[in-house]
Amino acid sequence: MTTQPKAVPLVAPGHTRPVTHLSFSPILEDNTYLLVSSCKDGNPMLREWTGDWIGTFLGHKGAVWCTKLSPDGSRAVSGSADFTAKIWDTFSGDPLHSFPHNHIVRTVAISRTSSHILTGGQEKKVRIFDLARPDAEADLLGDPGTTSHDKTVKSVVWVGEHTGVSAGEDGIIKWWDLRTRKLTTSLAFPNPITSMEFSVQTRRLVVTSGETVAFIPALPSTAPTHSLNLPYSPSSASVHPILQDRFVTGNLGDEWVRVHGMDGEERDVFKGHHGPVHCVEFSPDGEMYASGSGACYRWHDMWHGI
């Protein structure tokens with residue numbers, strides 16, 4: 001009888017406080033990809049697909065809650081507790097513009113053409129900024145005089161040319177027409193949304209709420225939503241982008257990273273972190289995933305192809 005070898009994590013050092021968010025770029029023209037990590041130390045870090053450090057984005061004066069890369073890897077956008085979102089040149093590391101807010105920015109997203117960004121956070125508002133007019137006032141999504149959500153906006157993602165999606169601690173996921181800035185549809189959960197990421201290859205939103213993990217069509221359709229209840233409350237989840245037969249989770253209740261089949265069965269548990277696991281993310285080729293706690297770890301997917 002043969003057993004699958006245990007994964008040994010590769011530590012990607014550099015951060016001095018808990019890692020809050022991880023995001024991979026798509027596969028780039030040279031068949032590599034990038035990883036950007038956000039941290040409460042206020043210094044997002046850019047890494048090669050190997051985990052090797054490229055550089056640190058310096059300029060925020062508070063914890064950075066979210067950083068994401070443009071599809072071509074040339075730009076990064078970050079959201080911080082210093083009440084700003086920033087757009088960065090990933091080649092030089094220079095900040096290109098800072099977008100002021102009135103409260104903590106918890107989440108950001110950048111369009112496929114790198115022409116606009118979305119932001120959300122403690123103000124309960126979702127804003128859209130035009131990068132061709134960075135000094136212009138942002139447009140707000142929703143009806144005039146109202147907030148986009150009733151509670152903190154935990155995640156925004158850009159899922160189509162004219163479609164953005166936001167998720168809040170009010171337990172509601174909202175789809176927005178970014179041409180009209182109006183709500184098109186919504187989906188309610190009984191508990192606050194703790195995370196929502198867009199799986200580009202599977203065209204699904206991966207959502208955690210309470211003890212539920214849900215895999216939702218990114219664009220409103222008649223396709224079914226696949227939901228599972230786990231025996232714990234996941235902080236984050238990410239689906240295998242190629243095989244689509246497993247997902248990985250983090251958990252604030254312990255220090256473990258778990259791999260589940262799409263039926264919810266626990267396939268493996270990986271121990272290595274020394275604190276709650278805030279975030280997990282599969283690489284775009286599905287060969288590994290990254291997890292963030294007090295440090296950023298990379299794990300090879302030992303179940304690949306099985």
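**Salt bridges, sheets and cores in a predicted model**

Residues are numbered from 1 along each chain as its sequence is written, and side-chain values use heavy atoms, with hydrogens and water left out.

Back to R258, whose side chain also meets that of D254 in a salt bridge, here at 2.9 Å, N to O, and in this way D254, R258 and E266 are linked in a network of salt bridges. As for accessibility, I use buried for under 20% relative accessible area, exposed for over 50%, and partly exposed for what lies in between, with a 1.4 Å probe and protein chains only. On that scale R258 counts as buried at 8%, D254 is buried at 19%, and E266 counts as partly exposed at 42%.

Where does E266 sit in the fold? E266 is in strand 25, where it stands opposite H260. Helices (H or I, at least four residues) and strands (E, at least two) are DSSP runs numbered from the N terminus, and two strands pair if DSSP finds at least two bridges between them. Strand 24, residues 256-261, and strand 25, residues 266-271, run antiparallel and are joined by five bridges. The two form a hairpin with four residues between them, and G264 in the turn has a positive phi of about 95°.

The structure holds nine salt bridges, and another of them joins the side chains of R75 and D89 at 3.9 Å, N to O. This pair links distant parts of the chain, since R75 belongs to strand 7 (residues 75-80) and D89 to strand 8 (residues 84-89), 14 residues apart. R75 is partly exposed, with a relative accessible area of 27%, whereas D89 is buried, with 16%.

Now to the sheets. Strands of a sheet pair through backbone hydrogen bonds, either parallel or antiparallel. Strand 4 (residues 45-48) runs antiparallel to strand 5 and is joined to it by three bridges, and R47 stands opposite W53 in strand 5.

A second open sheet to show you is formed by four strands in the order 14-15-16-17, again with antiparallel pairing. Its edge strands are strand 14 (153-160) and strand 17 (182-188), each of which pairs on one side only. Strand 14 pairs with strand 15 (residues 163-168) over six bridges in the antiparallel sense, and V153 stands opposite G168 in strand 15.

What does the side chain of H149 make a polar contact with? The partner is the side chain of S166, at 2.7 Å; a polar contact is a pair of N or O atoms within 3.5 Å, where within protein one must be able to donate a hydrogen and the other to accept it, and residues adjacent in sequence count only if both atoms are side-chain atoms. H149 lies in the loop between strand 13 (139-140) and strand 14, and H149 is buried, with a relative accessible area of 0%. Leaving aside neighbours within four places in sequence, H149 is in contact, meaning heavy atoms within 4.5 Å, with residues including K124, G168, D170 and K174.

Finally, the cores: a nonpolar core is a set of buried Ala, Val, Leu, Ile, Met, Phe, Trp, Tyr and Cys residues joined through side-chain atoms within 4.5 Å. The largest has 15 residues, and those with the most contacts inside it are V165, I173, M196, L205, V207 and I216. Among the elements that give two or more residues to this core are strand 14, strand 15 and strand 16 (172-177), while strand 18 gives the most, with three residues. Apart from this core lies another, of 11 residues, among them C66, A85, I117 and F129.

Conventions: Predicted model: local features only at pLDDT ≥ 70, side-chain atom pairs only at ≥ 80, totals over all residues. Salt bridge = Lys/Arg side-chain N within 4 Å of Asp/Glu carboxyl O.
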